[in-house]
Amino acid sequence: MDVKWRNDNDFALNGTVTWQAARLRVPGPNNNPAEQYLTLNVSGSVAISLPANGESAPIPLTITGVPNYVAVGQLEIKYDMPLTKAPGQTGNNGTQGNFHGWERIPLIDAAPVGLQETPWADLCEYSCRWAFGYSGATNVRRELTRGLHYSNRAPWNQTRYDPNVPRFFMSNDGFYTLNLTLFLNFMGDPWQYQWWEVRWTTMYCADYAAVLQQSMETQGIAGSCDFLEWIGGPHSFPGGTFYTWPMCPAGTDASQQGNYRSYGFGWHLVNRSDGLRFDSVASYYYLCDPQGSLWKDPAWEWPLDDHWQSDPGLFGLAFGPITCTPHFPLGPPYFSWNLLPKEELSLTMFAGFEPVELE
Amino acid sequence: MLSFSLVMYVSAVGADIDSSSFWAVEIIEKSTFSVLSAKVRDASTRPRPGFASQLIVKGDLAGERKGAFRSTFSATAVSRLGVRGSDGVDRMMSAGSLDDYSSRSPSGIPVGAESLWSVRDGRAHVLVGAKCETGTVLVHLDGTDDKGFYKPPVHDWTADQQLMERFLRYSLARIAGRRLGNITTSSMAGASIPSANCERSNAKFGDLRSWCTAKGWSVTENKDLGVLTVKRGATFAVVPMGTAWVKWDGATWTKMSDVVMEKDGRVMAPKDVLDRLNGM
């Protein structure tokens, strides 16, 4: 990556910067939220020249030892930087043996699909938390489903499922859109703004499905949303209700049998990727085949041609694909944060674990 | 001492409240919530045709109750370009079966063309549909068990539900009012009053207060519930805001052609409401 410094003095500065150490401060799991660190490697010295009231030229910083799995955290650097104003007038603007926190760095599994802008890029923060520690599309897709369901490595705010509370996914005259900015507003800024306690964001299946699709795309996994309904039933109430086998909503302890109950649906939105279905809203008590074994997890890699938590005697469900598109409302998000200020510092993500500079 | 700064910019964080939504802020802040953000957008400001006027409000519990537990208030009211339902009522995209929802509001006074109310699992929720509008209000309690999963505190929902009802009635009235064209003076139901046409249906609406003044009726407004009562002698009618239902002479609720709206501070009633008043 390239680093630039700005000198606000009315005199020039010259010297060297020596990279001493680097690490990534990463979020811990929910049951152990203390800060954790991944050690990175940096080395080398570079001459630096800071003109008066001006910026230095871009200074290369090569980071190695980057983990080969999905991660996210704050880059912390230790460096020495003796600078000279004039002969005999020296100082040191290094970190004095301490780590200084710089940018948030998401390590993603593969080149993202689609847009790569704020707030889309901000979703990387969450998708990297949800799939933290995994690599490969199959594993990452599964862990994104589980991670959204269990709010893995949540900074504070978490989601919970309610089938009747639409929040961020909207249908307007045939357009299906996810208000990603609003979702991120509710989730909050994991970097600069932290509540004292967990805040819960209630949302319904279409919100979960749209967020999961967008999250997969941040990790380079293409997908879509599937609209499920009971064959013969209209989309809208009161007709067409179908009932599920026991489900435990996201946000609730899925290990407790008492938290499972049957839900009635008019329709249900799930995810499709690579010809398989995923659903992060609830832990399902059974596999998609009601004759199968206990599952007690959100659905991943379930087949397209089987019944979806419905008694086969009731004709099963019909599936119809829809396209979910990101929706960027005007104005910045309420709790906005610039993931990386690409105007002044090169925006670097690690796609496929090879550094790739994004425009 | 030498000094320099690393080039880095961070977005400002602040309340996101636009001036046109002041009324929404006022309603919320007279309750036990404080507003975090409130926005009203016209359909015409959206980047593509077919989008809707929107009101989005988000609040946080304030005052004495704040220390006891956390609760959030969030509401939307949307006015679409067209009518979706075959029965002329636009509905929210709710996915669940609504088995545990009641069609009766806490006060018993209708909201919109139809409304569904539910208290369950740490939240009070209402879904409202009207001729071209949908609305929802959610009051949600935060709470976490020892293992970090959701567990709401025990809670009395009476005050919250009254706030939800009041807010939704005024919200629907104001967001629906955005489908009215310019107000002009014309003759309606036997009086020359400020009036406007709905830009979606071309139906006529008239200023209820001006009509009452012209025809010798009195108007009182219950601002806790958003309900107007118009009266002349022993004859009266209950006319709630944001509702297609009017109660005539204390008898039964009758569904009229459209909801009672608000535009430019005026209560705008559908022409059939004024016609019926004129015939009483």
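Modeller: The helix to begin with is H2 of chain A, which covers residues 137-150, has 14 residues and reaches 19 Å from its first C-alpha to its last, close to the 20 Å expected at 1.5 Å a residue (1.5 Å times one less than the number of residues). The model is predicted, so local features need pLDDT of at least 70 and side-chain atom pairs pLDDT 80 or more, whereas totals for chains, interfaces and linings use all residues. Residues are numbered from 1 along each chain as written, chains are lettered from A and ligands numbered from 1 in written order, and side-chain values use heavy atoms, without hydrogens and water. Helices (H or I, at least four residues) and strands (E, at least two) are DSSP runs numbered from the N terminus.

Elsewhere in chain A, helix H1 (residues 120-130) and helix H4 (residues 205-218) pack at an angle of about 90 degrees, with their axes 9 Å apart (axes are lines fitted to C-alpha atoms, for helices over the stretch in contact, and angles run from 0 to 180 degrees between N-to-C directions). On the H1(A) side of this packing, A:Trp120, A:Leu123, A:Cys124, A:Ser127 and A:Trp130 meet A:Val211, A:Gln214, A:Ser215, A:Glu217 and A:Thr218 of H4(A), contact being heavy atoms within 4.5 Å.

Turning to strands of chain A, E9 (residues 82-86) runs antiparallel to E3 (residues 13-26) and is joined to it by 2 bridges (pairing takes at least two DSSP bridges), with A:Gly15 and A:Leu83 as bridge partners. E9(A) is also joined by 4 bridges to E10 (residues 89-92), again in the antiparallel sense, and here A:Pro82 has A:Asn92 as its bridge partner. The hairpin of E9(A) and E10(A) has 2 residues between the strands, and A:Gly88 takes a positive phi near 90 degrees in it. A:Ala86, in E9(A), counts as partly exposed at 23% relative accessibility, and its C-alpha atom is separated by 57 Å from that of A:Leu178, 92 residues apart along the chain.

Strand E22 of chain A, residues 294-303, contains A:Lys296, where phi is near 55 degrees, a positive value in a residue other than glycine; A:Lys296 is partly exposed at 25% relative accessibility.

In chain B, 5 strands form an open sheet in the order E12-E13-E14-E15-E16 with antiparallel pairing, and the edge strands, each pairing on one side only, are E12 (218-222) and E16 (253-255). Neighbouring strands of this sheet are turned by 25 degrees against each other on average, direction ignored. Strands E13 (residues 227-232) and E14 (residues 235-240) of chain B pair over 6 bridges, B:Thr229 having B:Val238 as its bridge partner. Helix H3 (residues 208-215) of chain B packs on the sheet, touching E12, E13 and E14, and its direction makes about 15 degrees with that of E13(B). Helix H4 (residues 271-278) of chain B packs on the sheet too, touching E13, E14, E15 (245-248) and E16, and its direction makes about 5 degrees with that of E15(B).

Methods
Buried means under 20% relative accessible area, exposed over 50%, partly exposed in between (1.4 Å probe, protein chains only).
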